[in-house]
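Here is a short briefing for someone opening this structure for the first time. Please keep the sequence and the 3D view at hand while reading.

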Amino acid sequence: MNHDEDRVFKALADPTRRFLLDRLFERDGRTLTELESELEMTRFGVMKHLRLLEDAGLVITRKSGREKLHFLNPVPIRLIHDRWIDKYTERQVSALAELKAKLEEEEA
Amino acid sequence: MTTTTAPTSVTTQVHRVYIKATPEAIWDAITKSEWTERYGYGGRSEYDLRPGGTYRGFTTDAMRSVGAPDVAVEGEVIETDPPRRLVLSWHFLMDPELAAEGVTRLTYEIEPREGGVTRLTVIHDLEGAPKLSLLLSGGMEDVGAGGGWSWILSDLKSLLETGEPLAGSHHI
């Protein structure tokens, strides 16, 4: 699954793609035309970014009639959060708890 | 009148996760209490798996001890095609304000992929339910309401792939 993580990190490492995710966070289920209108970029450029986001699982497209709608999928970010962020913050908390116990021990 | 400060005007939430498990295992994890008690919000479930059948998601002892009603979610089975597709009407009853937003529609799509991996997509149509939408997007995690669908699915993935839910996830 590390390959999946690589794709998420790469997809997030670009301001335009983060901008697109933010727009979808504000309002989900948008068409390419709507997303394109918020960026000074060619339609092709926006499509390329959306494709990368889709490959990383951060954007999901669904057909609605003749339109293709783009949805934000926050689960890959959650998985990274649960896999990495929690791990390190928990360690910090336990390190501080240990330090406190040691200091109190010395005082006693 | 209440105004919402929700950052979103989302009417449909789509959440997707890839899990190294069979479609049958994922179907069971969604529909059977022995599994639903082990991840996410951790409540018992009851499904009458036929069109028009009743669905209930129950609260946990911990939730009831702080005043939650017995039933967290109630609905009706609209479509069932085990282990591929389940469509429910979904009415959240834990909080009167959220319950007043009315009945929503929930779809589970379970698709086998290559290499023993299954793709689970949860589509929640939340038209007219902005507060519920905020809750389910994890926007109320800081006030102890859990992380919504992302958190539930991350926990489900962990449980099915490792046999254990995420550390510290059962604190609600």
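The points below go from confidence to the sheet, the helices, the cores and the chain contacts.

This is a predicted model. The predictor gives the complex an ipTM of 0.82 and a pTM of 0.85. Chain B holds an open sheet of seven strands. Chain A has five helices and two strands.

**Confidence**

- The average pLDDT of chain B is 89. In that chain, 91% of the residues score at least 70.
- Residues 1-8 of chain B have a pLDDT below 50. Beyond near neighbours in sequence, that stretch has 13 contacts in the model.
- Where pLDDT is low, predicted coordinates should not be read in detail.

**The sheet of chain B**

- The seven strands follow the order 1-7-6-5-4-3-2, with antiparallel pairing.
- Strand 1 (12-19) and strand 2 (45-47) of chain B stand at the edges. Each has a single partner strand, so one side of each is left without a neighbour in the sheet.
- From one strand to the next, the twist averages 20 degrees.
- Strand 1 of chain B is joined to strand 7 (residues 118-125) of chain B by eight bridges, and the two run antiparallel. In this pairing, B:Y18 stands opposite B:R119, and B:Q13 stands opposite B:H124.
- Strand 1 of chain B is mostly covered, with six of its eight residues buried.
- Strand 6 and strand 7 of chain B also pair in the antiparallel sense, over eight bridges. Here B:L106 stands opposite B:H124 in strand 7 of chain B.
- The hairpin of strand 6 and strand 7 of chain B has five residues between the strands. In this hairpin, B:G115 takes a positive phi near 70 degrees.
- Strand 5 and strand 6 of chain B pair over six bridges, in the antiparallel sense. B:W90 has B:T104 in strand 6 of chain B as its bridge partner.

**Helices against the sheet**

- Helix 1 (residues 23-31) of chain B lies across strand 1, strand 2, strand 5 (85-92), strand 6 (104-112) and strand 7 of chain B. Helix 1 of chain B runs at about 155 degrees to strand 6 of chain B.
- Which residues of helix 1 of chain B are buried? They are B:I26, B:W27, B:A29 and B:T31.
- These buried residues of helix 1 of chain B pack against strand 1, helix 2 (33-36), strand 2, strand 6, strand 7 and helix 6 of chain B.
- Helix 6 of chain B lies across strand 1 and strand 7 of chain B. Helix 6 of chain B runs at about 15 degrees to strand 1 of chain B.

**Nonpolar cores**

- The largest nonpolar core has 36 residues. Those with the most contacts inside it are B:I26, B:L120, B:L153, B:L156 and B:L160.
- Helix 6 (residues 148-162) of chain B gives the largest share of this core, seven residues.
- A second, separate core has 13 residues. Among them are A:L24, A:A56, A:F71 and A:L72.
- Leaving aside neighbours within four places in sequence, B:L153 is in contact with A:V75 and with B:H15, B:V17, B:L120 and B:V122.

**Chain A**

- Along the sequence, chain A follows the pattern α-α-α-α-β-β-α.
- Of the 108 residues in chain A, 22% are buried.
- Among contacts in chain A with a separation of 6 or more, 53% join residues 24 or more positions apart.

**Where the chains touch**

- In the model, 15 residues of chain A are in contact with 16 residues of chain B.
- On the side of chain A that touches chain B, the elements giving two or more residues are helix 2 (15-26), strand 1 (59-64) and helix 5 (75-107) of chain A.
- Helix 5 of chain A gives the largest share of that side, four residues.
- The residues of chain A on that side divide into six nonpolar, three polar and six charged.

Notes
Residues are numbered from 1 along each chain as its sequence is written. Chains are lettered from A and ligands numbered from 1 in the order in which they are written. This is a predicted model: local features need pLDDT of at least 70, side-chain atom pairs count only at pLDDT 80 or more; totals for chains, interfaces and linings use all residues. A nonpolar core is a set of buried Ala, Val, Leu, Ile, Met, Phe, Trp, Tyr and Cys residues joined through C-beta atoms within 7 Å. A residue is buried if 20 or more other C-beta atoms lie within 10 Å of its own, exposed if 12 or fewer, and partly exposed in between; C-beta atoms are placed from the backbone. Two residues are in contact if their C-beta atoms, placed from the backbone, lie within 7 Å. pLDDT is the predictor's confidence in each residue, from 0 to 100. Two strands pair if DSSP finds at least two bridges between them. Axes are lines fitted to C-alpha atoms, for helices over the stretch in contact, and angles run from 0 to 180 degrees between N-to-C directions. Ala, Val, Leu, Ile, Met, Phe, Trp, Tyr, Cys and Pro count as nonpolar, Asp, Glu, Lys and Arg as charged, and the others, Gly among them, as polar.
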